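Hi everyone, thanks for coming. I'd like to walk you through one model today, so please have a look at the screen.

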Amino acid sequence: MRDQRFDILFEPVRIGPVVAKNRFYQPPHCNGMGSWRAQAHAAMRGVKAEGGWAVINTEHCSIHPTSDVVPEVLHALWDDADIPNLAVMCDAVHAHGALAGVQLAYAAYYNSNRYSREVPMGPVARPVDSYYPVQVRQMDKTDIRNLRRWWGAAQHADRRVRRLARESRPAAARADRGHAGGRRGRLRRQRPYYHRRDVRAAGPAGA
Ligand SMILES: Cc1cc2nc3c(=O)[nH]c(=O)nc-3n(C[C@H](O)[C@H](O)[C@H](O)COP(=O)(O)O)c2cc1C
């Protein structure tokens with residue numbers, strides 16, 4: 001018999017349109033499998049769902065080849081070919097009544113784009129602080145508009161992942177939400193250190 005003060009951990013909690021069956025929430029964390037080892041990744045997340053966690057997230061999931069974090073092996077949602085890799089994880093998680101989440105991400109100073117060979121870009125021009133010290137170029141207004149478009153496309157693909165997962169397993173819990181997280185060097189959560197750009201040059205992100 002557990003102590004009653006822990007009961008709250010086992011109560012369902014609403015997250016927007018979905019309900020997590022308890023308060024055990026696995027935040028995004030990488031594991032060396034990602035898109036390149038999608039079956040192993042799905043099995044690992046599935047074990048967590050089987051163990052009782054209510055929400056299981058992917059790791060960092062890059063939304064565009066200009067933000068490629070290779071040699072780290074993480075997830076990507078660059079085009080339709082990436083959708084099945086994430087759908088298989090959704091199925092593994094849904095099989096145990098848990099919700100699946102994806103951490104859509106755009107690294108800005110963490111990625112050297114060793115796989116895509118694209119030039120990295122970010123709010124200011126400076127070297128990346130990861131394995132390979134290549135130079136990040138400063139985004140202009142067109143880059144900012146493109147990034148907003150890519151982000152929208154990734155969210156659209158995320159909805160298709162969920163649809164594909166539902167189609168392949170009709171009894172699955174209907175999920176899920178994106179995880180709004182990030183760490184240093186990722187564009188959605190920049191520290192003041194990076195806020196040196198002259199916004200008059202390229203305009204605010206909403207321009
Ligand atoms: C191996 C490892 C990989 C991680 N990968 C990510 C990641 O891809 N994205 C992210 O936002 N956080 C990542 N994290 C941070 C975790 O999500 C989490 O915040 C951290 O482990 C602290 O857990 P806590 O907040 O429950 O104390 C990672 C952590 C570890 C240990």
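Predicted model: local features only at pLDDT ≥ 70, side-chain atom pairs only at ≥ 80, totals over all residues.

Residues are numbered from 1 along each chain as its sequence is written.

Let's start with the loop between S6 and S7, where we find Arg 117. Arg 117 is not a glycine, yet its phi is positive, about 65°. Asn 113 sits in the loop between strand S6 (99–105) and strand S7 (121–122), and its phi is also positive, near 55°, again in a residue other than glycine.

Are these two buried or exposed? I call a residue buried if 20 or more other C-beta atoms lie within 10 Å of its own, exposed if 12 or fewer, and partly exposed in between, with C-beta atoms placed from the backbone. Asn 113 has 21 other C-beta atoms within 10 Å, so Asn 113 is buried. Arg 117 has 9 other C-beta atoms within 10 Å, so Arg 117 is exposed.

One more backbone detail: Val 70 and Pro 71 are joined by a cis peptide bond, with omega about 20°. Pro 71 belongs to the loop between strand S4 (55–62) and strand S5 (75–76).

Now to S6 itself. 7 of its 7 residues are buried. Leu 99, Gly 101, Gln 103 and Ala 105 point one way, while Ala 100, Val 102 and Leu 104 point the other way. In a regular strand the side chains alternate between the two faces of the sheet. What about neighbours? Strands pair here if DSSP finds at least two bridges between them; S4 and S6 run parallel and are joined by 6 bridges. Cys 61 stands opposite Leu 104 in S6.

There is also an open sheet of 3 strands, in the order S7-S9-S8, with mixed pairing. Its edge strands are S7 and strand S8 (126–127), each pairing on one side only. S8 and strand S9 (residues 135–138) run antiparallel, joined by 2 bridges, and Arg 126 has Val 136 in S9 as its bridge partner.

On to the core. By nonpolar core I mean a set of buried Ala, Val, Leu, Ile, Met, Phe, Trp, Tyr and Cys residues joined through C-beta atoms within 7 Å. The largest one has 41 residues, and Leu 77, Met 89, Cys 90, Val 93 and Ala 98 touch the most other members. The elements giving two or more residues to this core are H1, S4, helix H2 (83–94), S6 and helix H3 (141–168). H2 provides the largest share, 7 residues.

I count a contact when two C-beta atoms, placed from the backbone, lie within 7 Å. Leaving out residues up to four places away in sequence, Leu 77 touches, among others, Cys 61, Leu 104 and Ala 157.

Finally, Ala 49, in helix H1 (residues 38–50), is buried, with 23 other C-beta atoms within 10 Å. Ala 49 and Gly 97 are 48 residues apart in sequence and 7.4 Å apart in space, C-alpha to C-alpha.

Thanks, everyone!

Conventions:
Helix = DSSP H or I, 4+ residues; strand = E, 2+ residues; numbered from the N terminus.
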